[in-house]
Amino acid sequence: MTEEIIIAGFGGQGVLSMGKILAYSGVMQGQEVTWFPSYGPEMRGGTANVSVILSDSRISSPILHEFDTAIILNQQSMNKFEKAVKPGGVLLYDPHGIVHPPTRTDINIYKIEGTKIAADMGNVKTFNMVVLGAYLKAKPVVKMESIRKGLEKSLPERHHKLIPLNLQAIEAGVDHLEVVQKV
Amino acid sequence: MGELRLMKGNEVIAEAAIRCGCDGYFGYPITPQSEVMETLMAREPWDETGMVVLQAESEVASINMVYGAAGSGKKVMTSSSSPGISLMAEGISYIAGAELPCVIVNVQRGGPGLGTIQPSQADYFQSTKGGGHGDYKLIVLAPASVQEMNDFVELAFQLAFKYRNPAMILSDGAIGQMMEKVELSDFQPRLTAEEIKARYGSWATTGKTADRDYNIVTSLEMDSAKMEHNNLRFQEKYRTMEEEEVRYEMIECDDADYVLVAFGSSARICQKSVDIARAKGLKVGLLRPITLFPFPKKSIAELAKRVKGFLTVEMNAGQMIEDVQLAVGCSGNNVPVKHFGRMGGIIPTPGEVAEALEQKLIGG
Amino acid sequence: MDLAEIIKPENLVYKKPNLLTNKTMHYCPGCSHGVAHKLLAEVIEELDIQEKTIGVSPVGCSVFAYNYISIDWQEAAHGRAPAVATGISRVNPDKVVFTYQGDGDLASIGTAEIMHACNRGENMVVIFINNAIYGMTGGQMAPTTLLGQVTATTPCGRDLERNGYPLKITELIGQLPGTSYVTRQSVHTPAASRKCKKAIKKAFENALAKKGTSFVEIVSTCNSGWRMTPVDANNWMEENMFPFYPVGDIKDAEKAGPEAFTKKN
């Protein structure tokens, strides 16, 4: 199994840390992983993206031109990455701030109201975990147990008290995934 | 099995340095490698192993601190990115001329000039052909994964001390910034002064004792005949490296008609390009030089006798291609050697490489 | 007195320090480097620290300092001696490290390195030979060349508009909290040499006591570069250099630190 994912949105949305938790979860269940970020000034409030690869075998290129899954969190990223999803692949997006929803007919499209759900839960910072939960519902590439271990590994110890809150957010994402289109 | 972590390449350089018993790191911040010193400072190895970590006032100062500390026989290193390495060129030349061991990490970014902070491999010439003034060579290791960022720190030190020559880990912004699963090396203690002397002899500035004449660490020799003699000795050393230290990896080359030649992150991309080409029924392989100096020219010459052509894939305008052409020229079978590269911080995609292979080599 | 009488130990009036090697010095007759080297060798010998002293020689006339004193040496690139010394000192805290630098090396091309090493308070000694000229390359203007002074690159004298002011780097160094002892000396008379030796000794004692950076400037002559006889050079130095570069302690503090800012005299 190899899953190639791009997560793209604004800097500050937790794009990179969502990728890191996902990648660490892969490590926790014995997979090969790569996490490749966009870096530099563009991280400061501009767009941020990270590609994550989880695989049962040695990973070749960490840099990709097409993806099994695109998780898209703003319009710029939609413009850039909708076309990069492999035919039959998955596009998951948060409709908040999206004015031109995806139009491709050859891919599976899912929606998650991450911004709204996180706000309703009273902690907008857990937005990325809601989206992660939705992704795991659409594509259960890692076990929930690995996610918990991944959170433990990627969060500094002083933030471990936040793990239950993060897990709650993931659960909320799992529960609220909306199917837009299945191919 | 060592400890498994998910880490950035840059962070791993720092962790590997601490674990291999490095005595000192001297550096100056520059994107995309600042995490090396940041990680070291956060780890506070001075409490754990006694390793010194110092933020210098410039790259010029940091390489000269390395020069001084290396002259005293210690296991020391620095890291920087392309513009900073240019500033270090003078010091690196002195270190090579004084025959001192040290490790220099270059997490390359695009140039020339201030260029860009995105990944590049445009320092190939600078790294493999000397870089500073005078006839000298660095041992150049090109990691293609975060795991190799870990493994090559100790390897670079071993080679540097074996030959009393600076060794460079030539990485790039992609490997430095990327996180992968890495198995960390076990801790080795730092060597004591006595162990250093026993292992490497007493050429260093450890303090003049009654049992030996005083030591001078210098690259200066005003007598031209002696200076030529020094140069001949250096060249002999570089030839020995070419005989004994060539490292490379071949992937699916056994039945290959065409071979991609790529190092570092380009080699990772090319692995996928090989898959793409093979899926189309094209017999394509990949040769990945791990040591850029010494360069695996013999293996390329051997391949040249049975393949139809080579495509070098580099994040530059075509630098390593010259070494591949030389090697192919030596084989007596002048098959075509082409280059595909992206510049300015753009990383080629596996698909682009596969297309270039068909257009430049197979179709052409 | 016959020869047998003369060579009796009790009749010894002068002796080359044991740590000075027997190599013939390449310095010009009349040059201050020879005296400065001798004082250094005497201090290292008297403090019995040959085994723990590492010298860093610069680029300039004293590039070959390593030929003359029997201690371990490292030769630095032009201006970089303080960085090299920092490297040695940091990974060998038990050693006494000193740099020996000229004015071009220390106050021009190596300004950044000396300022930052002194500001960090690297535990080391700096011997700074200021003869207001580039000796080795043939007498060009140095950062410390006086206004009006003739050099190969200021044939009509150093001109303020073209070349700016001479740099009193030692006064600048004295302002840095990392230094504990900053002094300006000379070696042009036996009395001056004796004072200079005391200063060098104090600097090395400070290094042994881990008091941060100690900085000893030696206002020197370069009679070849100045195109003068040694005697004229000494006189010219007294008349022209000393008013601008006054001899004496600039700072003598118990230890390095912000409280070590105050000027002593």
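Strands are DSSP runs of E with at least two residues, helices are runs of H or I with at least four, and both are numbered from the N terminus; two strands pair if DSSP finds at least two bridges between them. I noted Met179(B) in β8(B) as the bridge partner of Trp35(A).

I recorded that the model is predicted, with local features needing pLDDT of at least 70, side-chain atom pairs counting only at pLDDT 80 or more, and totals for chains, interfaces and linings using all residues. Residues are numbered from 1 along each chain as its sequence is written, while chains are lettered from A and ligands numbered from 1 in the order in which they are written.

I then looked up the contact of chains A and B: 17 residues of chain A touch 20 residues of chain B, a contact being C-beta atoms, placed from the backbone, within 7 Å.

Lastly, I turned to chain C, where the axes of helix α3 (residues 81-91) and helix α5 (residues 111-120) come within 7 Å and cross at roughly 40°. The axes are lines fitted to C-alpha atoms, for helices over the stretch in contact, with angles from 0 to 180 degrees between N-to-C directions. α3(C) and α5(C) are therefore oblique to each other.

Terms used:
Angles under 35 degrees count as roughly parallel, over 145 as roughly antiparallel, 65 to 115 as roughly perpendicular and the rest as oblique. Two residues are in contact if their C-beta atoms, placed from the backbone, lie within 7 Å.
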